[in-house]
Amino acid sequence: MFEGLIGFILVLVPLVLVLRLRARVGLLERELGALRSLVLSGAIAAKPTVEEAKAVEALTPEVIDAQEPSLLEAEAPVLAHDPDAVSAAEPIAEGPWDQAAAAAVPPEKVAARPDIETALGTRWAVWVGGVALALGGVFLVRYSIEAGYFGPAARLTLAALFGLVLIGGGEFIRRTGFKVPVQGAAAAYIPAILTAAGAFTLFGVVYAAYGVYGFIGPAPAFLLLGLIGVATIAASLVHGRALAGVGLLGSFVTPMLVDSQAPNVWALFGYLAIVLAATAVIARMRSWSSLMAAAFVGTGLWTLLYIGNAAALSVPAVLFMTLVSLGLLLGVWLTRREPFAVPSKPDAPSIAVAFLLALAAISLFIDNRAVSLLSPLGAAVLIVAMVAGALYRGRALPLLHGAGAAVVLIYLRYVLGGVSPAVDTLVGGSAYLAMGESLRWFGLLFGAVFLAAGFWSARRMVAAQPLFAANWSSWAVIAPFAVATCLWLGFGNIDRDLFYAAAMLVLVLAFAGGGEWVARNEHPPLSGGVAVSIALGGAAVAAIVMLHMAFGSGLTTVFCGVLAAVPALATRQRAYPVLGWLSAALAVVVIGRIALDPTIVGADRLSTTPVFNWLLFGYGVPALAFFAAAWQLRRTTDGRPRLIMEAATALLSLLTIAMLVRHAMNGGVIASSAPTLAEQAIYTLLALGSGGIMVSLDMRSPSSVLRYGSLGMGVVSAAFIAIQHFGLLNPLFTGESTGRIPVFNLLLLGYLLPAVAAAGLAWYARDKRPKWYSGILAGVASLLVFAYATLSVRRLFKGEYIGSWAGLEPWETYSYSALWLVMGVGLLVAGVQMKSQVLRIASAALIVVSVAKVFLFDMSELEGVLRALSFIGLGAVLIGIGLFYQKLLTRAAR
């Protein structure tokens, strides 16, 4: 039933297409006849006008179908019904291979996009017809078998003759001048379709003779199938790329079809090498990139399949196949191109070879069946060959990336070693780990190859192709650094290893020297382009790792801070843009290390000695180095790196003092509970002081970091005071001891000294910062003075502990009213004398609070003489304030 349905479709579709096209053919014949008559009579002797040409171009198939034949004969221009005239009027390429002829046609000659009917008639019909011919041959053989008309030999002979007839028919049609007059019909080139159907039939005949009937053995079958595949690929020179794909697919499937009791890997790879070479030559002649990439992918998959499944791996055979692929890429596909030219777009065959060869190298190196160093040696040869190929051909740059990625992944395995048995099995097993000392020698080889080839090629290309040079410079840094780091993590001492530290120091000097060597060949010299920046960046990263290898956590943090000043100081001799950014990056690294371990050396190793401990060195020395870097950058390169270093200097300076204070006040314990009011008061004083210092520095050498930093410190200080001093850490709420000494106690440190600092900063910044900034600080200072005076009065009555749980006494309540009135008057006088509206407003607010307290609280809580004195004092003060303002206004009027 299924076969009958297929036959019905294959008959119905061509019939419908023929009926649809019959009317169109008749119309075109009439048009051509009319045009021939006009040409012979001389009616169309003159060159058509522009309007006439546009009218002709506007005649699409849809317009022709919509018009009557009589109208077309009368008005539309026609062509002579003569094949020679048609050929002379517009050249038509003979088949899809003639790219030169297609390129020669001007853009305006390209026809409109075919409609669905044209596609059905020109392409789909041909495709379906080709499939039908191939299936017809199969069904014919099957029918002959079922009916018993012929024996096996006769059936195969007839099928082979049918395949040869198809191939011959395709060649006959091609040689008799087959034309493709419709745009898009090249994809349905009839000779190629017939040839592909014939090749498919011959593939089936040979396989049936071997696998079904046993007429031939494995060797002849293998040979015949290979010859058919190679011949089909060769026929694509005249029949197009699609036929080459058919032959290539058949060639790669052939080894799977032929089963041998004694498989020979050299025969397999020799056969694949012949197929690959034939494909490479043809693909290069026609510039078929996709065909070449497909050939490399097929060969690479066969190679990887062999590596993964062979019981006894033949490393020389694998090397033969991979090096043949590499040689054909460099010597055939990329030939007749400039050796060191950088491609304008990615080259697909180069990418395919790089990816598959990298997988082959990794598979060889981590092969758990290896009992000797032959497999790793083969992988090393392959990686070095890939680097050499990338050096030889500029378009083969993907080989460099493939080789570098292979080296990194090979040595990254040591970081994963021992994680779990499953991981060990996945990435190579115990045999891979047992290589030990040999891996260091391989690492030395890989590092030297990438280091030398990378910087040499980067220097050679940096003037003409800076991005190309950047690729080489990247792998000159990445590969050696990855090898050294992975070996250290896999075999070295993580805490301290002087051997690997010395090796990393060599890399630091090599990267820095390589970057300088490349920079001398730049245009203009020593401009510090991308390649140089990558080299110097690698030197900085390697230096950080080297310090960690050689020293403990404390010295590493200190030396990393000192290292941040080195690139900035180097700007005295070189104007490389990357130097300032390296200093900024190192500053970020130091701050990150401090964030991970604020104690610098660990809480158990931090001494309890105040000031002179690891905190002073771990915070103070990097802060000084950052200051030196910022100072130097201001005088050389300037820019954003300088601003980053200034910000880092300010941050680390504040952290230095804050951490020393916390350490001293908590008995050497940094990670204690929440800070006390005394500790918080010191932090607040630091923030206010740093704000004043930033304002002063900004006045001397303007900087956006200092400007916005000073504003930020002022806002942070106000937030500290509002949240911590007045709320969370207020001894009125916490019940904390204020000290036994009457004046020099916690209240002085927590309220009066911050009030003086805030007032001083507000006064100093009043003409240097926005008005809101000074206003906020002045208001905060007034509130601090108010809190200090009020809490001091309570301390006179309650003693050392002034918690709210102690309640209020009558004289204490009256004292608050008197105190607030006196303070209000004092603020008023100070505001008038200093002509400060902020102080006068604060005075008014305080007096309003006093009035509210007297009328709302004292009236109900006080009794006797205290209540009377409270109201008398309030009235006297208010009348005095009124008289004071009247005198001021009278004096102003006079």
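Which backbone oxygen lies 2.6 Å from a polar atom of the side chain of Thr 656? The backbone oxygen of Leu 652 does. Keep in mind that this is a predicted model.

Let me stay with Thr 656 for a moment. Thr 656 sits in helix α28, which covers residues 640-665. Its relative accessibility is 9%. The cut-off for buried is under 20%, so Thr 656 counts as buried. Leaving aside residues up to four places away in sequence, Thr 656 touches Tyr 619 and Gly 620.

Next, the aromatic rings. The count comes to twelve aromatic pairs. Take Trp 266 and Phe 320. Their ring centres are 5.7 Å apart, and the planes stand at 50 degrees, so this pair is tilted. The pair links distant parts of the chain. Trp 266 belongs to helix α12, residues 265-286. Phe 320 belongs to helix α14, residues 315-333. Buried or exposed, or in between? Trp 266 has 43% relative accessibility and counts as partly exposed. Phe 320, at 31%, is partly exposed too.

Now a second pair, Phe 468 and Trp 472. Here the centres are 6.5 Å apart and the planes are at 55 degrees, so this pair is also tilted. Both residues are in helix α21, residues 466-491. They are four residues apart there, which means a separation of about one helical turn. Phe 468 is buried, with a relative accessible area of 2%. Trp 472 is buried as well, at 1% relative accessibility.

There is also a cluster. Ring pairs join Phe 365, Tyr 411, Phe 442 and Phe 446.

On to helix α15, residues 348-365, where we find Ala 358. At 9% relative accessibility, Ala 358 counts as buried. Which residues does Ala 358 touch, not counting those up to four places away in sequence? Met 386, Gly 402 and Ala 406. And consider Val 407. Ala 358 and Val 407 are 49 residues apart in sequence, yet their C-alpha atoms are 8.8 Å apart in space.

The structure holds one cavity of 30 Å³ or more. The volume of the largest cavity is about 90 Å³. Its lining includes Phe 296, Met 321, Val 353 and Ala 360. Which one gives the largest share? Helix α13 does, with five residues. By class, the cavity lining has seven nonpolar residues, five polar and no charged.

Last, a pocket. The second largest pocket has a volume of about 810 Å³. How many residues line the second largest pocket? There are 26. Nearest its centre lie Ala 778, Ser 782, Ser 836, Val 838 and Leu 839. The elements giving two or more residues to this lining are α32 (746-764), α33 (771-798), α34 (810-834) and α35 (837-861). Helix α33 contributes the largest share, ten residues. The lining of this pocket divides into 18 nonpolar, six polar and two charged residues.

That is my tour. Back to the opening contact on your screens: look for the side chain of Thr 656 and the backbone oxygen of Leu 652.

Note on methods:
Residues are numbered from 1 along each chain as its sequence is written. This is a predicted model: local features need pLDDT of at least 70, side-chain atom pairs count only at pLDDT 80 or more; totals for chains, interfaces and linings use all residues. Side-chain values use heavy atoms; hydrogens and water are left out. On a 1 Å grid over the protein atoms alone, a cavity is a set of points where a 1.4 Å probe fits but cannot get out, and a pocket is an open set with protein on both sides within 12 Å along at least five of seven lines; lining residues have an atom within 4 Å of a point. Grid points are joined across faces, edges and corners, and a volume is the space filled by probe spheres set on the points. Ala, Val, Leu, Ile, Met, Phe, Trp, Tyr, Cys and Pro count as nonpolar, Asp, Glu, Lys and Arg as charged, and the others, Gly among them, as polar. Buried means under 20% relative accessible area, exposed over 50%, partly exposed in between (1.4 Å probe, protein chains only). A polar contact is a pair of N or O atoms within 3.5 Å; within protein, one must be able to donate a hydrogen and the other to accept it, and residues adjacent in sequence count only if both atoms are side-chain atoms. Contact means heavy atoms within 4.5 Å. Rings of Phe, Tyr and Trp (its six-membered ring) pair if their centres lie within 6.5 Å; planes under 30 degrees apart count as stacked, over 60 as edge-to-face and the rest as tilted.
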